[in-house]
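Subject: Structure for you to look at

Hello,

Please find the structure below. My notes on it follow.

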Amino acid sequence: MTTPTTSAPLLEVFASIQGEGRFVGEAQTFLRLRGCPLRCRWCDTPNSWRLSANDRARIALSDAPPRRDPSWVTPFQAACLIAEVEPGAPRTVSVTGGEPLLWPEFVRALKAMIAPRRLHLETGGGHPRTLASVIDRCDHVSLDLKLDSDLDAPVELELPAGFDAPGITDERAPRSAEEWKRAREQCLALVSGRDACGKVVVSGGRSLQDFVPLFDEVEACAPELPLYLQPVTPRNGVKAPTATEIEAVMEAARDRDLNVRVVPQMHRAMGIP
Ligand code: SF4
């Protein structure tokens, strides 16, 4: 099966409240795409990593049980689904994943389809060249800044047998600490001066030294960027940081005059998706 260039595989679409980053607390509609080559140890959506021929998308209707639709959608179909799940007035749309930058043609075309809604992009930060190709269509970018010690080796996305997806990015995920440093610096330079924020997940037991390269890079490439420290929600053996640990990380950022705040995952606290 050959999918249109602008199509992307959808995992789910739902209306909820943004629980992370600069727009925490805002009513938004979430479009979660499938596919991610990264392997964050604390990932809370590992079901988004891979594709299969039988995938279906969860359409979380506000007035009926969820529906299961075909996974691959065009930007027009995605815009129709967004309007369908919104319980009231149009909301800002957060395109998340997975890693939505696997599907740059979809993201680029989506902006016009959902207007006048804002389009917010949530990215893992491993695809700077692809980010450069879509950033002008994004009203806000939430950029993950990941610690090397939080990442297992990436696994590039495999399409199901018989599938062809011409719209997928040809940019590979970083594979070494040097490649990650370069990717973070390039992404930070891209979002500098734009409507954007950086997000750093803080796990328990990490060395303060692990955070130093990230904060050095933010200070050098995007010193004004609002930076959100997000205490990890414990899973897969990854522990939450103690109050002492999170304060020490915050002070390390403040020492560099970074614009930093600590915000836990509010949607987890509220028990909503
Ligand atoms: S980038 Fe996101 S979806 Fe991918 S492994 Fe990390 S947390 Fe999970």
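Asp 257 lies in the loop between helix 6 and strand 13 (259-262); helices (H or I, at least four residues) and strands (E, at least two) are DSSP runs numbered from the N terminus. This is a predicted model, in which local features need pLDDT of at least 70, side-chain atom pairs count only at pLDDT 80 or more, and totals for chains, interfaces and linings use all residues. Residues are numbered from 1 along each chain as its sequence is written.

Asp 257 is not a glycine, yet has a positive phi of about 65 degrees. Asp 257 counts as exposed because it has 10 C-beta neighbours inside 10 Å (buried means 20 or more other C-beta atoms within 10 Å of a residue's own, exposed 12 or fewer, partly exposed in between, with C-beta atoms placed from the backbone). Asn 236, in the loop between strand 12 and helix 6, also has a positive phi, of about 50 degrees, without being a glycine. With 11 C-beta neighbours inside 10 Å, Asn 236 counts as exposed too.

Two peptide bonds deserve a look. The bond from Gly 97 to Gly 98 is cis, with omega near 10 degrees, and Gly 98 sits in the loop between strand 7 (92-96) and helix 2 (104-114). Ala 115 and Pro 116 are also joined by a cis peptide bond, with omega about 10 degrees; Pro 116 is in the loop between helix 2 and strand 8 (119-123).

In helix 5, the buried residues are Phe 211, Leu 214, Phe 215 and Val 218.

Regards
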